[in-house]
Amino acid sequence: MDPRVTLLKEFSSGFIEGKAKIETDQFGFEFLEWLLSAGGALEYGELTDTRLLHKYKIVDIPEHRMDDLMQLHVMKQFNVCRYFGVEKNDVFCFNMDNNHKTDNTAIIPEMSSALDTLRTCLLGLGCEPLIIASGRGYHVWMRLDEPMDNTLLYEFMIATAARALLPLLVGGADHRAVKFSFYPDINVIDAVSLRLFGSQHVKNNSFSHVFTPSGLLDEGDSWKYFEHFIRNKTTPTATIKAALEELRKAT
Amino acid sequence: MPNPVGLIPANTYPRIIAVDLDDTLNNFTETLQHGEFPYSPADSLSRETFEHYLQLIRNGESEPSDLMSTGFNYCHFKIHLRCWQEARARPNGVEFMQWLRRNQWRIVICTRRDMRRAHDSTRVWLQKNDIPFDYLFMAANKIAFCRAWGIKHLVDDSFFNIIHGKEHDINVYYPILPLHHSLPSHNARGFQTFDEVQRWIQE
């Protein structure tokens, strides 16, 4: 197996088995037949407004087929997006997007401020995130040593995101310029998925580079950092629980 | 891996049809205009704002904003979701869809709904109304979708598709609604009952 696929599988054991969304330029009934030929069923498809990009939500994918899809993902044939566990997860992610209708792939000052504050806040709570550039902003991932209840994760993310936006509010900037989405989101747990690391963004085709305080890493270094993160930066759930208690007291 | 990328599909499928949902197979607009949409404080809007938004949505208008995700958009989705759940199926449309199935047509439900959030309620509604289908697709540009997938027949009420379908070699059939009186010149076929569509697609 490709070591990059092994890393992606190691990253989380909590994603829903057999369920994925595929983002690709490929379309047509022949392609769909091929996509489902080794098992799985199409829940729904989508033609997006971006070029002729299609998305396919597939369910009941056999494990060996999911491995094939992940291999194609790291080969950049298409993107695989995964769905978070319904009850518990050992990873969670803040999805930060530029919320403007136009020019929304630009990194605006409000985004930089919110990301910087979020990162500082997480580090202060004893949690080191993996930050990945996405088309309209960043995915800020955390990895845990064991699965944790989604309700607690959601509460933790809401509280830390509010802290990240506070300097914008205090400074009189428009905090709505940055849109936070939370994964897992207890309100739409089965409806939304997130691209895995190693994807290419659908709008600008850019690789999902790892972002560090010294800037974006190139593709090779991003994979190395991803492995380093898995090996060395996993956060104990006890740290998140203690941080949540602190956040509750503060509010 | 096959490579059917491009605007010209690898194959065309003569017995395949794309069918819209809202105002084609159901009475969406009637439900939106006359349905009851109770205010809920849980939606984090004041009652006045909610009533204002509801009026805008019923008028087919939106709140001006340069932002993608807003309170108005959330309210818009919630109101539409309720309409999708409560709209009545057109009995003649259900019979037509069942006729398609009996006659080995491949059926694509093609809608503008946000399937990420509307999938479950859409599937429940289709099953509750005994409407058969093979695939469920979300597409803002249905002409592009039909062209890319080699689909020659589209049943849909939207002005854009009625006017532009023929330019792209798509046969568009639409239920004649009051708003269609202002349509400019076009080559689509308007129908009163689905029996007409059943006849036309066999020509």
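**Exercise 1.** In which hand does H1(A) pass H6(A) in their crossing?

*Solution.* The model is a predicted one, in which local features need pLDDT of at least 70, side-chain atom pairs count only at pLDDT 80 or more, and totals for chains, interfaces and linings use all residues. Residues are numbered from 1 along each chain as its sequence is written, while chains are lettered from A and ligands numbered from 1 in the order in which they are written.

Step 1: identify the elements, remembering that helices (H or I, at least four residues) and strands (E, at least two) are DSSP runs numbered from the N terminus; H1(A) covers 3-11, and H6(A) covers residues 219-232.

Step 2: take the axes, which are lines fitted to C-alpha atoms, for helices over the stretch in contact, with angles from 0 to 180 degrees between N-to-C directions; those of H1(A) and H6(A) come within 11 Å and cross at roughly 40°.

Step 3: the crossing is left-handed, a term that applies if the near helix is turned anticlockwise from the far one by less than a right angle, clockwise being right-handed.

Step 4: the contact (C-beta atoms, placed from the backbone, within 7 Å) is made by Arg4(A), Leu7(A), Glu10(A) and Phe11(A) of H1(A) with Trp223(A), Phe226(A), Glu227(A) and Ile230(A) of H6(A).

**Exercise 2.** Describe how domain 1 of chain A meets domain 2 of chain A.

*Solution.* Step 1: the bounds, which come from an automatic or database domain assignment, are 3-83 for domain 1 and 88-250 for domain 2 of chain A, and the C-alpha centres of these domains lie 23 Å apart.

Step 2: 20 residues of domain 1 of chain A are in contact with 21 residues of domain 2 of chain A, and the elements that each supply at least two residues of the domain 1 side are H1, S1 (20-24), H3 (63-74) and S4 (79-83) of chain A.

**Exercise 3.** Which element of chain B gives the most residues to the side that touches chain A, and to which strand of chain A is S3(B) joined?

*Solution.* Step 1: 27 residues of chain B are in contact with 24 residues of chain A.

Step 2: H5 (115-128), S3 (135-139) and H6 (142-149) of chain B each give two or more residues to the chain B side, and S3(B) gives the most, with 5 residues.

Step 3: S3(B) runs parallel to S2(A) (residues 41-47), the two being joined by 3 bridges, where strands pair if DSSP finds at least two bridges between them; Glu46(A) has Met138(B) as its bridge partner.

Definitions and conventions:
Two residues are in contact if their C-beta atoms, placed from the backbone, lie within 7 Å.
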